[in-house]
Amino acid sequence: MAKPKIILGIETSCDETAASIGIKTDDGVQVLSNVVASSLEIQAKYGGVVPEQAAREQLKSIIPVVEEALRQAQCKPPEINAIAITQGPGLIGSLLVGVETAKTLATVWDKPLIPVNHLVGHFYANWITDQQTANSLQTTARQKAVSRSQSAVNSPSFPALGLLVSGGHTDLIFMKDHGKYEYIGGTRDDAAGECFDKCARLLGLPYPGGPAISKLAKNGNPKAFSLPRPMIDSGDFDFSFSGLKTAMANIVHSSQFIVHSGNKKKESINHELITNNLAASIEAAIVDVLVKKTITAAKKYKVEQIIVAGGVAANQKLSETMARAAKLNSLSLFIPPPSLCTDNAAMIVSAAFYNPQAVDPLTLQANPSLSLSHN
Ligand code: KG4
Ligand code: ZN
């Protein structure tokens, strides 16, 4: 297959239905459209993703989402050189919707089909260099500052240290080259995003918990509660976040959390203050562990670049703290703008440009337990 210039990407690994069109440029990947439909209202109602419901919604939205991506990019199917699809990991019902759609489109339009590992895809959000698109995708002033201070280069190079922080993963990866990754550590129990989600639930906040906690944390004191920093000095690159959730549950169910003064108004103000402080304290605990272990790993593996990816990378405290630590250690840092951290199809397009191994559309199978070592 000749190197593709324009790729249509499809991503349906969890509850999002996403499609994107991207072009390969000399510097990286330019995104022409990036459409994400999410069943957020349904998630909020049930406090999380209900797999069968997610797949049903995706069946309804997949074709309109692909059509919208083509329309926004002002692109017609004959102009596309390849189709990229998330093969796994993820929810089987959701993956099947995307994979079977991509197989059908690749066959009918006669295009090469490139399977992409969702975890690898997250990292490749960092190769999307088109700032104009990123700006229109709600890049915050803070993250623009982070990207500018990183380095003069537009996209990362190898070797690099990768931190993947999402709802299901907290992994440290030694990235030697495109397609050459070595897992060096990861969570032994809950992922960082899962910890945010479970703690949010304890505080009565909606799903997804990360953005909800981060919003309250802005008005809280991160030192108000002394929470543990699990495994921060363990000497390896593993993580453990389930103890943090338990520590938080103990506080929520203790007398520190509910202060009865007999004055309802005062109680409500107190409750808000304590909730904000607890949100700030839990965010600080998670961020401290992630930053310390990532910097230690970068030094041990003697890399000059850190690449952060996944939904939790949208967290402002994490990106700011990581940026400060990276600067202090003369390391370049790459973090995508928030809209490219959470699940999207632009990252799948980007990964396909750099790993363009096409497969026979008729034989491709969705793989819910695909791991990074499959690449
Ligand atoms: O990468 P992602 O969209 O989906 C997976 O592949 O898992 O990550 C979702 C996770 C959720 O746990 C969510 O709470 C977390 O990312 N998240 C955040 C923020 N935005 C999303 N966590 C902390 N701060 C945020 N701003
Ligand atoms: Zn993801």
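**Ground rules.** I number residues from 1 along each chain as its sequence is written, and I letter chains from A and number ligands from 1 in the order in which they are written. The model is predicted, so local features need pLDDT of at least 70, side-chain atom pairs count only at pLDDT 80 or more, and totals for chains, interfaces and linings use all residues, while side-chain values use heavy atoms, with hydrogens and water left out.

**Entry 1: the zinc ion.** Which residues coordinate the zinc ion (ligand 2)? I found His118 (NE2), His122 (NE2) and Asp343 (OD), at 2.0 to 2.1 Å. Donors are N, O and S atoms within 2.8 Å of the metal (3.2 Å for Na, K and Ca); water is not among the atoms, so sites may look incomplete. I then checked the angles. The 4 donor atoms subtend 94 to 135°, so the arrangement is tetrahedral. (Four donors count as tetrahedral if all angles lie between 85 and 135 degrees.) Along the sequence, the spacing of the donor residues reads H-x3-H-x220-D.

**Entry 2: the record.** I looked up UniProt next. Its unreviewed entry lists His118, His122 and Asp343 under "binding site". Such annotations may be inferred rather than shown by experiment. These residues spread over 226 residues of sequence, yet they cluster in space, with a largest C-alpha distance of 8.9 Å.

Entry 3: Where do His118 and His122 sit? Both are in helix H4 (residues 118–124), 4 residues apart, about one turn of the helix. A helix here is a DSSP run of H or I, at least four residues, numbered from the N terminus. His118 counts as buried because its relative accessible area is 7%. (Buried means under 20%, exposed over 50%, partly exposed in between, with a 1.4 Å probe and protein chains only.) His122 is buried too. I listed contacts of His118 (heavy atoms within 4.5 Å). Beyond four places in sequence, His118 touches residues including Glu11, Thr86, Asp343 and Met347.

**Entry 4: Pro51.** Pro51 lies in helix H2 (residues 51–73). Is Pro51 buried or partly exposed? Pro51 counts as partly exposed because its relative accessibility is 45%. Its C-alpha atom is 7.9 Å from that of Cys14, 37 residues apart along the chain.

**Entry 5: rings.** I counted 7 aromatic pairs, using Phe, Tyr and Trp (its six-membered ring) with centres within 6.5 Å. Ring pairs join Tyr124, Trp127, Phe158 and Tyr354 into a cluster. Lys293 lies over the face of Phe239, 5.8 Å from the ring centre. (The rule for Lys asks for NZ within 6 Å of the centre and within 35 degrees of the ring normal.)

Note on methods: Four donors count as tetrahedral if all angles lie between 85 and 135 degrees; four count as square planar and six as octahedral if opposite donors are over 155 degrees apart and all others between 65 and 115; anything else is irregular. Helices (H or I, at least four residues) and strands (E, at least two) are DSSP runs, numbered from the N terminus. Rings of Phe, Tyr and Trp (its six-membered ring) pair if their centres lie within 6.5 Å; planes under 30 degrees apart count as stacked, over 60 as edge-to-face and the rest as tilted.
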